Amino acid sequence: MNMNELSAKKSLGQHFLRDESAIRRIVDMMGIEADDHVLEIGPGPGALTRYLRESVCSRLTLLEKDDRFAALHSSCPRPGLQVIHGDALTYPWEKLAAPCRIVGNLPYNIASPLMWDIVSRTRGYVRAVFMIQKEVADRILAEPGSKTYGALSVWIQSYAVPRKGFIVRPGAFSPPPKVDSAVITLTPLPRTDFPRDAAALATLLKICFQQRRKQLQRILRSHFSEENILASLEESGIAPARRPETLTPEEFQKLALRLFYA
Ligand code: SAM
């Protein structure tokens, strides 16, 4: 199959990375070691995959939705290679064999829900390196009180430590996207620090960030009793007049547990 004949599908968020120095930096950031299992989301024509194939990893799993690219990679065997022709959004992340490093120049239209699932459901990954839209990276890295701090920041930071990598301009891709991209790493927190009730936290974040500028006590009124709200806020050490965008991930976790288990 001639790769030049493979046109990019917009519906699958295909922007192929062409910048060799960016590709090498991403692979370096993964810190691959000999016994590692590496999983790449959306290998496409293989810009990153080429380096992963040559790396010391003992297992390499490629998860690709586009049948053209799944077929392309299946036709080039390598020891420990598994090609999965499937959708990363329905992949059973909890079953991924550990220790694993995850990498992907993610399709921008699904990056946020995908990372949401990966951090909360994957057991035993040691690091994830993702290329995403810069604006989404800013949200993931945002601190309480900043304009870009929201549900995605709280969720990801409740499960992992995000770190800034580097910015990649549209010209590094073919076809070029309309916006800047950024590479970030996610290192999981110890499992003992994960939120004790993920569903409660997710529900609270949804409620709170629909009205991020309002005071917490007012927002929560349409969902919980006044008595529960006041006691939960007090026991969590949160003043009722605070706005959601000022709460730390730990405060959200504490509040979610108290509100839902009152
Ligand atoms: N890794 C290649 C690169 O860096 O040049 C391609 C990156 S391109 C931005 C995104 C890739 O993800 C495409 O190969 C696309 O077909 C694949 N993809 C899109 N949606 C997907 C999904 N739901 N599950 C798995 N792969 C998907």
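Is glutamine 217 buried or exposed?

Reply: The model is predicted, and the values here are computed from it. Glutamine 217 has a relative accessible area of 17%; buried means under 20%, so glutamine 217 counts as buried. The residue sits in helix H8, which covers residues 216–221. Leaving aside residues up to four places away in sequence, glutamine 217 touches Glu226, Ile229, Leu230, Leu233 and Pro240. With one of these, glutamate 226, there is also a polar contact, made side chain to side chain at 3.2 Å.

Elsewhere in the chain, two other helices pack against each other. Helix H7 (residues 198–209) and helix H10 (residues 249–260) have axes 9 Å apart and cross at an angle of about 105 degrees. That angle makes H7 roughly perpendicular to H10. On the H7 side the contact involves Ala200, Leu201, Thr203, Leu204, Leu205, Cys208 and Phe209, and these meet Phe252, Gln253, Leu255, Ala256, Leu259 and Phe260 of H10. Sorted by class, the contact between H7 and H10 has eleven nonpolar residues, two polar ones and no charged ones.

The ligand has 21 residues around it, of which Gln14, Leu17, Gly42, Glu64 and Asp87 come nearest. For alanine 88, a polar backbone atom lies 2.8 Å from a nitrogen atom of the ligand.

Key:
Residues are numbered from 1 along each chain as its sequence is written. This is a predicted model: local features need pLDDT of at least 70, side-chain atom pairs count only at pLDDT 80 or more; totals for chains, interfaces and linings use all residues. Side-chain values use heavy atoms; hydrogens and water are left out. Axes are lines fitted to C-alpha atoms, for helices over the stretch in contact, and angles run from 0 to 180 degrees between N-to-C directions. Helices (H or I, at least four residues) and strands (E, at least two) are DSSP runs, numbered from the N terminus. Angles under 35 degrees count as roughly parallel, over 145 as roughly antiparallel, 65 to 115 as roughly perpendicular and the rest as oblique. Contact means heavy atoms within 4.5 Å. Ala, Val, Leu, Ile, Met, Phe, Trp, Tyr, Cys and Pro count as nonpolar, Asp, Glu, Lys and Arg as charged, and the others, Gly among them, as polar. Buried means under 20% relative accessible area, exposed over 50%, partly exposed in between (1.4 Å probe, protein chains only). A polar contact is a pair of N or O atoms within 3.5 Å; within protein, one must be able to donate a hydrogen and the other to accept it, and residues adjacent in sequence count only if both atoms are side-chain atoms. A residue is near a molecule or strand if one of its heavy atoms lies within 4 Å of it.
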